[in-house]
Amino acid sequence: MANDTHAPGGARGRRRTGVLGAALGGCALVAASTVPAAAQGHELTYVSLGDSYTSGPLIPRQTDADCARSDHNYPSLVAAQREATVFKDVSCAGATTNEMWKPQGTDAPQLDALGRDTDLVTVQIGGNDVGFGSIIGTCARLGAQDPTGNPCERSYKAGGYDRLALTVLETAPKIDRVLRAVHARAPHARVVLVGYPDLLPDDGSGCFPSVPFGQRDFPYLRDTEKRLNLMLRLVAAWNRAEYVDTYGPTVGHDMCKAPADRWIEPLQPASPAAPAHPNAKGEAAMAQAVLDRLERGRGRG
């Protein structure tokens, strides 16, 4: 098995990181894998890796208290629809890219679930590396002090540069490392990297105090999430993985919408879900986006 436990080092690693950084900086899309789709009708071994947006905290029925994993999260719905013969969901709330290689509580490293017999892998990771939780906490605290302004944006740009934009760029090599490790451990698998759904109004409008951010911080935070998703798309293409856009299909169902219409719960959820996370409808929407990608077969798109 290829050594996947260390970050790239030496001249070769520096070259790879440099090329990846240039691609991200120029937003240049590269072609994804064009390997023909596997024949239908064979047994399917499916492994799901990811963080809380994958695991589905508080969504009934919870099957793993330590990782806040639901049997109605999007991987479970995909597995049922695709009639997976073997399904391993090792997604875990709070996971960063580090937990691909390190235990999380009593749970083994997520990459340990992969093998040469794995046919399909979905990965949704990076939000905690960027700091979703701390960003929400910071912006809510500052928003309460200045509900009409952009105190969060000013805070993150106080050093003369955008710290969140830099953090997204710094997360790119971590995602790159994860995808290379997935390919090394599951060399025959179809690998799908799943983006994050639309959390805030796509038009930049706000909904204070339901979501207690400064009014002018909403477009800044929306753009930060879009930057994260673009980075994930580019790193997926660089690593012969397929990217699933869950942002587009969830526009109009963000945490500012009425309870009946939203698929992402606000900081005080009305439906069973963690704050600022998908509810059951959100997980179903992400499942459909993954299924649509799988139906299209491997290749561009």
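**Figure 1. The five-stranded sheet of the predicted model.** In this predicted model, five strands form an open sheet in the order S4-S1-S5-S6-S7, with parallel pairing. Strands S4 and S7 stand at the edges with a single partner strand each, so one side of each has no neighbour in the sheet. From one strand to the next, the twist averages 20°. Two strands are said to pair if DSSP finds at least two bridges between them. Strands (E, at least two residues) and helices (H or I, at least four) are DSSP runs numbered from the N terminus. Residues are numbered from 1 along each chain as its sequence is written. Because the model is predicted, local features need pLDDT of at least 70 and side-chain atom pairs count only at pLDDT 80 or more, while totals for chains, interfaces and linings use all residues; side-chain values use heavy atoms, with hydrogens and water left out.

**Figure 2. Strand S1 and its two partners.** Six of the six residues of S1 (residues 45-50) are buried, so this strand is largely enclosed by the rest of the structure. Buried means under 20% relative accessible area, exposed means over 50%, and partly exposed lies in between (1.4 Å probe, protein chains only). Both faces of S1 are covered, with Thr45, Val47 and Leu49 buried on one side and Tyr46, Ser48 and Gly50 buried on the other. S1 pairs with S4 (residues 86-89) in the parallel sense over four bridges, and five bridges join S1 to S5, also in parallel. Tyr46 takes part in both pairings: Phe87 is its bridge partner in S4, and Leu120 stands opposite Tyr46 in S5.

**Figure 3. Strands S6 and S7 with the helices on the sheet.** Three bridges link S6 and S7 in the parallel sense, and Val194 has Val244 as its bridge partner in S7. Helix H10 packs on the sheet, where it touches S5, S6 and S7, and its direction makes about 145° with that of S7. Helix H7 (residues 163-185) lies across S1, S5 and S6, running at about 155° to S6. For these angles, axes are lines fitted to C-alpha atoms, for helices over the stretch in contact, and the values run from 0 to 180 degrees between N-to-C directions.

**Figure 4. Helix H10 and its surroundings.** H10 (residues 280-296) contains 17 residues and spans 25 Å from its first C-alpha to its last, close to the expected 24 Å; the expected span is 1.5 Å times one less than the number of residues. Among its buried residues are Gly282, Glu283, Met286, Val290, Arg293 and Leu294. The elements covering the buried residues of H10 include helices H2 (52-55), H3 (74-81) and H9 (247-250), together with strands S5 (120-124), S6 (190-194) and S7 (242-244). At the N-terminal end, Asn279 caps H10, with a side-chain oxygen 3.0 Å from the backbone nitrogen of Lys281. Just after the helix, Gly297 has a positive phi of about 85°.

**Figure 5. Backbone geometry in the loops.** Most residues other than glycine have a negative phi, and most peptide bonds are trans. Leu58, in the loop between H2 and S2, has a phi near 75° and is exposed at 53% relative accessible area. Ala276, in the loop between H9 and H10, has a positive phi of about 60° but is buried, at 2% relative accessibility. A cis peptide bond with omega of about -5° joins Pro60 and Arg61; Arg61 lies in the loop between H2 and strand S2 (62-64). The peptide bond from Phe208 to Pro209 is also cis, with omega near 10°, and Pro209 belongs to the loop between S6 and helix H8 (218-238).

**Figure 6. Model confidence.** The protein has a mean pLDDT of 90, and 85% of its residues reach 70 or more. pLDDT is the predictor's confidence in each residue, from 0 to 100. Over residues 5-12 the pLDDT stays under 50, and the model has seven contacts beyond four places in sequence for this stretch. Residues 26-40 also have pLDDT below 50, with 23 contacts beyond near neighbours in sequence. A contact means heavy atoms within 4.5 Å. Where pLDDT is low, the predicted coordinates should not be read in detail.

Methods. A polar contact is a pair of N or O atoms within 3.5 Å; within protein, one must be able to donate a hydrogen and the other to accept it, and residues adjacent in sequence count only if both atoms are side-chain atoms.
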